[in-house]
Amino acid sequence: MAYLEAEHLCKKYMVRGSNGKSFLQAVDDVNFSLEQGEILGVIGESGCGKSTLGRMLIGLEPITSGRVTYDGRKLEGLMKEDLRRFRGMAQMVFQNPFDTFPPKQTMQNILLRVMKIHHIGADKEERRQRCLRLLEEAGLKPAEDFLNRYPHELSGGQLQRLSIVRSMMLSPSFLVADEPVSMLDVSVRADIINMLMDIRKKKNTAMVFISHDLATTRYISDRIVVMYLGRIVESGGTDQVLHNPQHPYTKALLSYCGSVDPREKREQVEVPGEAFAGAGERSGCSFAPRCFMACGRCFREQPRMETVEEGHRAACHCMGGKSKTE
Amino acid sequence: MALLEIKNLNVTYQMKEKEIAAVEDVSLSIEEGKPLGIVGESGSGKSTLAMAVLRMLPAGTKVEGEISLKGKELLTMPEAELKALRWKEMSVVFQKSMNTLSPVHKIERQLMDMYRVHDGQTPAKEIKQRLAQLLALVNLPERVLRSYPHELSGGQLQRVSIAASLMHNPPLVILDEATTALDVITQGQILNEIKELRDKMKVTWLLITHDISVVSSCCEQVAVMYAGRLMEYGTVEQVICHPAHPYTMGLLGSFPLLYGERENLKGIPGNMPDLSKKPEGCVFAPRCPYAKEECRCGRTGMMEIETGHLTACPVGRR
């Protein structure tokens, strides 16, 4: 059995409009599983529900329907039984390192507080020593130097490292990283990615890596799911999805992914319009209005995930060159 | 004659206790029809450079050097003359340009007001025609004119800003991280539109970004900046395919690739230096893998290694 399992996960937000209440389906019937030590990349544009999904997995956002299980035990049960222990099991790294930390506290206060709350270490001195060791391990040298500083005195890359150190203090077995590098400069992104990979290697932590950047995700994840308006449209091994994309949305994303080489010419997939993320009922495939190969059936009937090859699945009626007129 | 010529530009921010050299000794030029991209990380001074060209830096900032637009010196020009130049000869689109739109007025009204600030003579009917034409250029339907900003998406608003920057046919448009906050697909589409504008409207742009892929897809010239200094300058082909400066190499190496071998990503170790302290020697030396003793003492200027390809590094050049 997989370590983490999400089954039929849904999230609806109530929207009050001029014509009464309606619901916005932020996450719609999401299923996946994650083994211990596996990294899953979740890719999508803004508003596709990827962050909501991440927050639901660790109980920061209530689940509307469906369930999440850790080692076969339900998330709600785990949280009710002992929230503190659950927080030690599942942690999160946030997108913006500049507002992850309280601005008026020194790093020492911020980091030791975590250990105090979770009863790690007998006294302050022991906690401090432990903290110094963790910082050194994370490449923040000299560690003494960092403890007495305030968040505003540190750079984005350093703050994000500290944020990861703090999340890993309790040795969680599951980590959600929500766009951990998108606020950082390119030259320090690699460090953060490598740091996360290192953690996985050493502690066998399972991770969900949320990103809008396909190329970055490729370097860290074992498997990828692509989301569009709350639904998973394609899932599979990293190379399967990126080198043999099946869903037209994945194809479009890949075709617009920037390349540094000016000589490389990529054929771009036409995607008119913009994602409609409004409230209300939808019928059919949510990508159909922008899809270059949509047929009548796409507008009537929601496609189901179908297996393309071992481990690679996609939700599209027109996959594999089925005709447009069908 | 170059469209825009920057010579030995220095910009120093004056703070209470310290001075920060945000741009130091930068010389660049843009030829008509040859868009230039400035690449750099945060704090590299690329936006400061753009603000200096627009003369929009905060009061009290020390600006030295020469900036000339079509032969007219910008830095010493009287305010009134500059006002006549703005939007007609050069315009700008910021990363958050969409936030400058008023939330309580319809787009049409706002764009008409903007038009009239720089040209009060044109009758309303003609302006409306012009606006419709502009929106078509950036692939927006006409109904956008009758909408309020909150009814439009981020990508649409950014397109409105681009249309606004083009209303008086300026030969130079500065795009300061204009597509950074947008989704991948929207960014790609807007970049395609910008490329088309080059032929349709004869506009040349100065594109400022941290994303090398944006520059390599829609610029001809590229300047790489680090800590306020110019590191490398040349055509896209020269700089990106055959980088001569270790910083450019590092930057290219840390860019994740979609295809090809999946190796470990290599970053550039270390942090940006404190710009209030004048470093001796090359500003990149503390992070540079090839740095030698000579790099840490003397500074060399830009040197030409082949026609049009300049680098600030004597070591990488060899």
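Colleague: Let me start with one residue: which residue in E7(B) is the bridge partner of B:Met90?

Modeller: In E7(B), B:Met90 has B:Leu172 as its bridge partner. A word on the source: this is a predicted model, in which local features need pLDDT of at least 70 and side-chain atom pairs count only at pLDDT 80 or more, while totals for chains, interfaces and linings use all residues. Residues are numbered from 1 along each chain as its sequence is written, chains are lettered from A and ligands numbered from 1 in the order in which they are written, and side-chain values use heavy atoms, without hydrogens and water.

Colleague: Thanks! In which sense do E6(B) and E7(B) pair?

Modeller: Strands (E, at least two residues) and helices (H or I, at least four) are DSSP runs, numbered from the N terminus. Two strands pair if DSSP finds at least two bridges between them. Here, E6(B) and E7(B), residues 172–176, run parallel over 4 bridges.

Colleague: What is the strand order of the open sheet of 8 strands?

Modeller: Follow E6-E7-E8-E3-E9-E10-E12-E11 in chain B; the pairing is mixed. E6 (90–93) and E11 (303–306) are its edge strands, each pairing on one side only. From one strand to the next, the twist averages 20°. Such angles run from 0 to 180 degrees between N-to-C directions, with axes fitted to C-alpha atoms (for helices, over the stretch in contact).

Colleague: And which order do the 4 strands of the antiparallel sheet have?

Modeller: That open sheet reads E2-E1-E4-E5 in chain B. E1 (residues 4–14) and E2 of chain B share 8 bridges, and B:Gln14 stands opposite B:Glu19 in E2(B). Helix H1 (residues 46–54) of chain B packs on this sheet, touching E1, E2 and E4 (62–69), at about 110° to the direction of E1(B). Contact means heavy atoms within 4.5 Å.

Colleague: How many residues of chain B are in contact with chain A?

Modeller: 38 residues of chain B contact 42 residues of chain A. The size of an interface is often given as the accessible area lost when the parts come together. Between chain B and chain A, about 3500 Å² is buried (accessible area, 1.4 Å probe, summed over both parts). In chain B, B:Ile185, B:Leu258 and B:Arg262 lose the most area to chain A, together 22% of what that side buries.

Colleague: How many salt bridges are there between chain B and chain A?

Modeller: The count is 0, where a salt bridge needs a side-chain nitrogen of Lys or Arg within 4 Å of a carboxyl oxygen of Asp or Glu.

Notes: Buried area = accessible area lost by both parts, 1.4 Å probe.
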